[in-house]
Amino acid sequence: MRALPYLFIAVDGGFILYWLITVLHVIPAEHLFNDYDNPLMVAWNWSFLPIDLAVSVTGFGALSLRRKGIAAWERLATVSLVFTTSSGLMAISFWAIVGDYNLSWWAPNLFLLVYPWFFLPRLLMKA
């Protein structure tokens with residue numbers, strides 16, 4: 001559990017950074033996913049904004065509660081981790097369905113899918 005706050009900072013901050021980079025069009029075209037300019041792909045990508053922001057809000061909220069010694073941090077952390085694994089699963093499912101196996105998009109999304117499962121069992125046992 002000691003690693004969880006650091007992972008929240010990295011992942012939740014990473015989501016916010018990703019969306020800022022996306023809004024500002026900072027990612028070079030050669031690193032964008034296939035068909036990035038297709039309006040359906042743009043809509044697909046933006047459909048992740050609500051869940052990704054929910055990850056960040058609940059994760060940073062859990063950290064704030066933890067610092068204050070409020071036990072409810074564990075419930076909020078659980079919610080954040082469920083949102084995180086769901087976001088990763090949604091992306092991986094999509095890439096698998098369309099048959100696009102680009103490691104640069106799979107690796108971070110597999111991480112999002114898997115890392116929460118190292119913490120969820122312990123948090124759920126406390127609930």
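Which element gives the largest share of the lining of the largest pocket, and how many residues come from it?

Analyst: In this predicted model, the largest share of the lining of the largest pocket comes from helix H5, which gives 6 residues. The pocket itself has a volume of about 440 Å³, and 20 residues line it, with Phe15, Tyr18, Pro108, Asn109 and Leu112 lying nearest its centre. The elements that give two or more residues to this lining are H1, helix H2 (39-46), H4 and H5.

Turning to the helix itself, H5 covers residues 103-114, and its 12 residues, at 1.5 Å a residue, should span 16 Å, which agrees with the 16 Å between its end C-alpha atoms. Its buried residues are Trp105, Trp106, Asn109, Leu112 and Leu113. Seen down the axis of H5, these buried residues fall within an arc of 130°, so they line one face of the helix. What covers them includes helix H1 (4-23) and helix H4 (73-98).

Thr85, which has its place in helix H4, touches Leu112 and Leu113, together with Pro116 and Trp117, when residues up to four places away in sequence are not counted. Because buried means under 20% relative accessible area, Thr85, with a relative accessible area of 8%, is buried.

Definitions and conventions:
Residues numbered from 1 in each chain as written. Predicted model: local features only at pLDDT ≥ 70, side-chain atom pairs only at ≥ 80, totals over all residues. Heavy atoms only, no water. Helix = DSSP H or I, 4+ residues; strand = E, 2+ residues; numbered from the N terminus. Expected span 1.5 Å × (residues − 1). Buried < 20%, exposed > 50% of the residue type's maximum accessible area, 1.4 Å probe, protein only. Arc of directions from axis to C-beta. Contact = heavy atoms within 4.5 Å. 1 Å grid on protein atoms, 1.4 Å probe; cavity = no way out; pocket = protein on both sides within 12 Å on 5 of 7 lines; lining within 4 Å. Points joined across faces, edges and corners; volume = space filled by probe spheres on them.
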